[in-house]
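Subject: Handing over a structure

Hello,

Here is the structure I promised to pass on to you. Have a look at it first, and then read my notes below.

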Amino acid sequence: MSLLELHNVEARYGPVKALHGVSLEVGDGELVAVLGANGAGKTTTLRAISGTVRSSGDVVFAGKKLSRRPETTARGGIAHVPEGRGTFSELSVWENLRLGAYARRANVKEEARRVYKFFPRLEGRHDQQAGTLSGGEQQMLALGRAMMARPKLLLLDEPSLGLAPIVVIQIFEALARMKRDDGMSVLVVEQNANLALEYAARAYLLEVGNVVVEGTSDELRANESVRKSYLGY
Amino acid sequence: MRARLLLELAGFALLTLVVAALPRFVSDFRARELAIVGMYFIALLGLSILTGYSGQISLGHGAFMAIGGYTTAVLSVDGVYGHQIRDLWTIPIAGVIAGIAGLLVGVPALRLSGLYLALITFGIAVSFPQLPKKFDHFLGGTTGKILNLAKPPFGLHTTTNNWIYYLTWGIALVLLLAAWWLVRGKTGRALKAIRDSEVAAASSGISLARYKTLAFGISAFYAGVAGSLYAIANAYVNPDVFPIILSVYLVVGLAVGGLDSLVGLIAGAGLIYFLQNHSDTVARWLNHLPALSLDPKQPGIPSMIFGAVLIVVMLLLPTGAGGLVRRVFGPLTSRLYTRS
Amino acid sequence: MFLGAFTWTEFAQQLAAGIREGAIYAGLALAIVIIYRSTRVINFAQGEMATFTTFIAWSLMNHGLSFWTAFPIVLAIAFAGGVAIERVVIRPVENAPVLTIVIITLGLALLLNGLMSVIWGGANRQFNGPFSTRTIDVGSVPISVQDIGIVAVSVGLVVLLGLFFRFTKLGLALRAAAVNPESSRLVGIRVGWMLALGWGIAAVLGAVAGMMIAPVVFLDPNMMQTILLYAFAAAVLGGLDSPIGAVVGGILLGVTITLLGRYVGFIGSTLKLPAALLLILVLLLVRPGGLFGRVAVRRV
């Protein structure tokens, strides 16, 4: 049985239906990508899992039906890094990290040291206001904050948005290491399909709120229409 | 579209008929009460242009009513160079002077947003009653000024209260049409654009400064007229006639009535008057509930009732009575609308 | 323009009185800012809540408790009351238009004011504070012990709160919930309860302010009304979203108003509040966010 299973999840924003019945799964220690164009429902899918948006259908996590409230899913071992990173821009880097460990009984200093080992650039900015960090550093901070929670599942929304390619690769490398060291599962939403498929084991392609293609990264790369529309060759 | 407009016009015509005919069916005293409701209605009309259309919250409009009232008092008692002015003619003057004061407030208000503006205007409301005390030579201090009793003009055979009723609601009608004309036209659209998004409005070339200040001036004008009428009806002015809480009552009437619904505003005006002067009736109603026996004359009970009613009403109707009307009748009218 | 003669001794006394006034404004202004930061609401009932809890203190003392015994009890009651009010009255309408919530807090103010009149009556009464009214000599200036005590308690409370917000996990969560409720939920913070906590803390601040000022001005249902207005002014002066601003603004305002009232004859005591507002208005024209506030600058 997989760590995360979605069965026919539907979600709407007011009168507009964003998800028309999405089913997917993420296994233990797997990195799975959700691809698709703008407005396909990728972000909504993550939101439905963390409970940030109301949805119907089944979301099963570690064998249990997930509560639909963000505070509870966060305490249950799911860390959601939303679109735009969601950093507390008025608080310092250190305070952001402390908040990451809010739901746990943890030795915050030790956990933070771990994060700084992953992202050395953040250590120098320990007391700096998070809003003054560069885009790449804020993404690192967002990831670091998620790390502090030692989640079983990481939901990551568009990590490459607005970042220079070199920085993006750094981020994904760190992701891969986190996955290896902690056995964390990752569900990542990405518009940069090429990049995502390099690191992901499996992927789902969403179009207008529906899953249209699913399979391993190789399978997706071999798929004609996917290649033409999303991979550019 | 056509059907909706006709429906609105029909409703409006009906309302006008009712208002015109009412004094025949109610006591003289009631006519006076309804006249005062009319004055609140005029003030609320102006306030709805400010808050409902340009989105600026003012907790100080009682001060503009006071300006109007005192202008009327000074002009009709002291007059200009000793020449007393007939109370009727002071009404537009009072409105204009209040309006100018509104423009003056509107300019610094441009730099303040939301709750900052609310607090500053609240400060104006609080500070204002001090002015007549300070300039007591001119404005009568705590005792105030006494006006001549209002008399129906041209020897019309009607009671004073009826005269005040028709005067008030007549002016209300004129000002309502003026507001309606304003709101349908370019100014109204500009104000609504500003309320919905100042950045977008400015980017479309709408001068924020001009329209926001204008809104303040217009709403102050309306309040001034209302205050002037109130002074005439009362036949005296002093700081207690326009107390601090008046500004609060106005905002309450606006919120409860719903920001831009005609029926709602009348309801709001009625509510202000009712809660102010008839809390004993409310107390008597409430006493029908078991375990409650409230003595309405005990100081504190009226405030408690007023406060509790406010809380309950706003909890139940966050968008005010107007919002409720729209929710109830909305589906009906919109079906007519889409059919065409 | 100047009333009477000027002596340094009197100036120092006026200064001390001004700081004492300012300390009270600061406490109440801080309460207003805390609520504004977390729930984006101006609590017009803050003053009445403070007076109400002060009346409770009076009742307890009337039944034989000493001030310092009643003190923590009243604080606990105030805290619970603040939390309850947020949950019952504010929570249901947290997404309503600003005007609606303003009306609700105004209604609450009226309700509490009336309730106090009903329960305790409207007459002035003496409130026996914890500090004696004798004076001690600071340098060559006689300063009232009570003034010193009031300032000490107010400042102490503010410092304690500052430490709480800065160094404890709960304080951090409260700050986080105020600045970014969405992200706060995503790390597991129960934002709703944080907001209620904010109201509880604000109510405690109000209760302390009330119990500090009551010995000076006599206790009656309308005790806090003017003080609340000055507190609003102080909060606006310091910037509605800045706790430091509230404290600095409060003290600045207290001192300025007292000195202006004493030394500028034209203002005297009738025009103190209008003068304060005028000054603040002028300041806001130059710095729209207040002294310490942040304003999103929109240049269009």
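**Chain A overall**

In chain A, 66% of the contacts with a separation of 6 or more are between residues 24 or more positions apart; two residues are in contact if their C-beta atoms, placed from the backbone, lie within 7 Å. Please keep in mind that this is a predicted model, in which local features need pLDDT of at least 70 and side-chain atom pairs count only at pLDDT 80 or more, while totals for chains, interfaces and linings use all residues. Residues are numbered from 1 along each chain as its sequence is written, and chains are lettered from A and ligands numbered from 1 in the order in which they are written.

Chain A holds 10 helices and 10 strands. These are DSSP runs numbered from the N terminus, with at least four residues for helices (H or I) and at least two for strands (E). The radius of gyration of chain A is 17 Å, which agrees with the value near 17 Å for a compact globule of 233 residues; it is taken over C-alpha atoms, and the globule rule is 2.2 Å times the number of residues to the power 0.38. Along the principal axes, the C-alpha atoms of chain A fill a box of roughly 45 × 40 × 35 Å. Of its 233 residues, 47% count as buried, meaning that 20 or more other C-beta atoms, placed from the backbone, lie within 10 Å of the residue's own.

**The sheet in chain A**

An open sheet of 6 strands runs in the order E6-E7-E8-E3-E9-E10 in chain A, with mixed pairing; two strands pair if DSSP finds at least two bridges between them. Strand E6 (78–81) and strand E10 (210–216) of chain A are the edge strands, each pairing on one side only.

E6(A) runs parallel to strand E7 (residues 153–157) of chain A, and 4 bridges join them. In E7(A), Leu154(A) is the bridge partner of Ala79(A), and Leu156(A) is that of Val81(A). Is E6(A) covered on one side or on both faces? Both are covered: Ile78(A) and His80(A) on one side, and Ala79(A) and Val81(A) on the other, are all buried.

**Two helices in chain C**

Helix H5 (residues 145–167) and helix H8 (residues 191–217) of chain C pack at about 175°, their axes 10 Å apart. Axes here are lines fitted to C-alpha atoms over the stretch in contact, and angles run from 0 to 180 degrees between N-to-C directions. H5(C) and H8(C) are therefore roughly antiparallel, the word used for angles over 145 degrees. Residues of H5(C) including Ile150(C) and Leu157(C) meet residues of H8(C), among them Leu205(C) and Met212(C).

**Where the chains touch**

Chain C and chain B each give 39 residues to their contact. On the side of chain C, H4(C) gives the most, with 17 residues.

The contact between chain A and chain C takes 17 residues from chain A and 14 residues from chain C. Helix H2 (70–75) and helix H3 (93–100) of chain A are the elements that give two or more residues to the chain A side.

Happy reading!

Conventions: A residue is buried if 20 or more other C-beta atoms lie within 10 Å of its own, exposed if 12 or fewer, and partly exposed in between; C-beta atoms are placed from the backbone. Angles under 35 degrees count as roughly parallel, over 145 as roughly antiparallel, 65 to 115 as roughly perpendicular and the rest as oblique.
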